[in-house]
Amino acid sequence: MNSFWNKGEKEIIQGLDVLGLRSIDQHIETQLLASITTISIRARYLSLIPWIVGEFFDLYKDEVNLDRDSFRQLLMQVFDRLELVLILATNYEKSLDSKVLATGIIGVEVHKEITDEFNEKGAIDIVILKEKSTRNNYINPTYGTYYNPCRGFGLLEHSPTAPVALPPNGIAIYQARKKVIKRDDGVLSWLLHGGHLTKEMITQEAQYFSIDNISSIPEEMQLLQEAFLNPFTEESNDVLESYVKFNGTKLWILDQLNEPKRPQDLIYENYDYCIMKEAINLTTIELNWFEFELRRRVHFSLELLLKALSHTLDELNGATAVQVVNNWLEDIKFSNNIEDGIEHYNALMSDYQHSLDDNMYYNAQIPENSSEQALFAISILEVCRRQSTKLLDSISNVENDYMRKTFEILEELYDSKVYKSIVKITNFCVVEPHLKTTLRKMGQGQQCSLRFFPEGKKLIPTGIDTNAGVSGSRLNNTMRMMADIDFCMALQNGKFVKNDITNDVIDRLREIA
């Protein structure tokens, strides 16, 4: 492996978006799913957080001597204790009913030692759960994960004077839970102060803290349902537009759940449906989800090409893109379509594309050999190009759109040999975005994730492994939250299906639209 100018000066990392392409499809999904993120999974956090913030504010409302940092530090310690209670309460409910879903609880590993002690002794006596929580810059993971989703649903808001503030929606949930959960001598008292926590205390109030039992407080459930359906303000066009897209997506989801389906099933089925239609016959939501999946497939293919390129550069101890492709020509033994892969590399793209199966993205295994990976990548890109031809004018055109650049190269070299497309796409849609993205990040002080760097036309490998993948979808988390608030039913196999009230929710969504 070659050394390079900053090796040893910066920590080398793998990097998840080394081409800078995933942010595009992630942005599309963000616009469709309001403030739900890839790490915000369970709906009850959305109500527990404003509730505990309200209780904390009420406790310290007369403490005039607390400065902002001390106030915030105490709040983060309360959130640490809330994490532990959620784990204990959910585990207790699961011991009574195996169908209780404990997925998505934050802090399970972090609190494992204390959890084990609690289970063994039946009690703990503790105030500070994490030593780092005494630092002024500490952010509790639960608070950090769900702060923006709570803001997106109008359950928290920024405050210039306090760590956070409760808007009307948040106050309503605080008051709903306050009616049920009393402060004296129970779990809430321990959350606010620490000290002695017993199994009996957890047993008596587990249903109110279990991540999988929002229905234990019907008013809490109803308020969360309303927060999912109705904008929390009519005064912000951004909020109103966000809810239009979010409600459209919820309607799109629920309409398809007449039979059990996984979130990924909805995305794949929508993609296949859209390529059979003209844009004028598709809804905006259908087109948006089509574009999301199209871009995911393109960035996966380009990352696979990057993986093949990086591996071969390492083997050759540096080379130009042309030299790499020549090496692939010599090395390839077979392909996914015919026995002689060299025939593929030397075939005209206009002939080669006829051998490509429209469903190869679903059905084919990713090859292990770099030369076959490159051919597989160009094959998926060509399939994506032809599948999207009718719809491309109806989807977004972003700055430095490497998907469109890739498609333009494929069209431009349609009557040229396949290997020429591979060379040009490698240079302009893999090498270029990788260097631009990575050097920009390093220039901003981020860690080094360079897979190679240029010396003239030659690319010098850094020896960092490269993996190809797709952006994780927020759709799974959205459907999980929708099941939490009873809009649909979650099954044990990861699928979702309509329940008794789903059609009523669909009717409401259509009325709102």
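This is a predicted model: local features need pLDDT of at least 70, side-chain atom pairs count only at pLDDT 80 or more; totals for chains, interfaces and linings use all residues.
Residues are numbered from 1 along each chain as its sequence is written, and side-chain values use heavy atoms, with hydrogens and water left out.

By the pairing rule I have a count of 20 aromatic pairs. For F228 and F246, I recorded ring centres 5.8 Å apart and planes at 50 degrees, so this pair is tilted (planes under 30 degrees apart are stacked, over 60 edge-to-face, the rest tilted). F228 lies in helix α9 (residues 218-229) and F246 in helix α10 (residues 237-255), 18 residues apart; helices here are DSSP runs of H or I with at least four residues, strands runs of E with at least two, numbered from the N terminus.

I then turned to F228 and F487, an edge-to-face pair with 6.5 Å centre to centre and 90 degrees between the planes. F487 sits in the loop between α20 (475-484) and β5 (489-490), 259 residues from F228. Both F228 and F487 are buried (under 20% relative accessible area, with exposed over 50% and partly exposed in between, 1.4 Å probe, protein chains only).

Last, I checked charges over rings (NZ of Lys or CZ of Arg within 6 Å of the ring centre and within 35 degrees of the ring normal): the charged end of R177 sits over W51, 4.5 Å from the ring centre, and R297 lies over the face of Y271 at 3.8 Å.

How values were computed:
Rings of Phe, Tyr and Trp (its six-membered ring) pair if their centres lie within 6.5 Å; planes under 30 degrees apart count as stacked, over 60 as edge-to-face and the rest as tilted.
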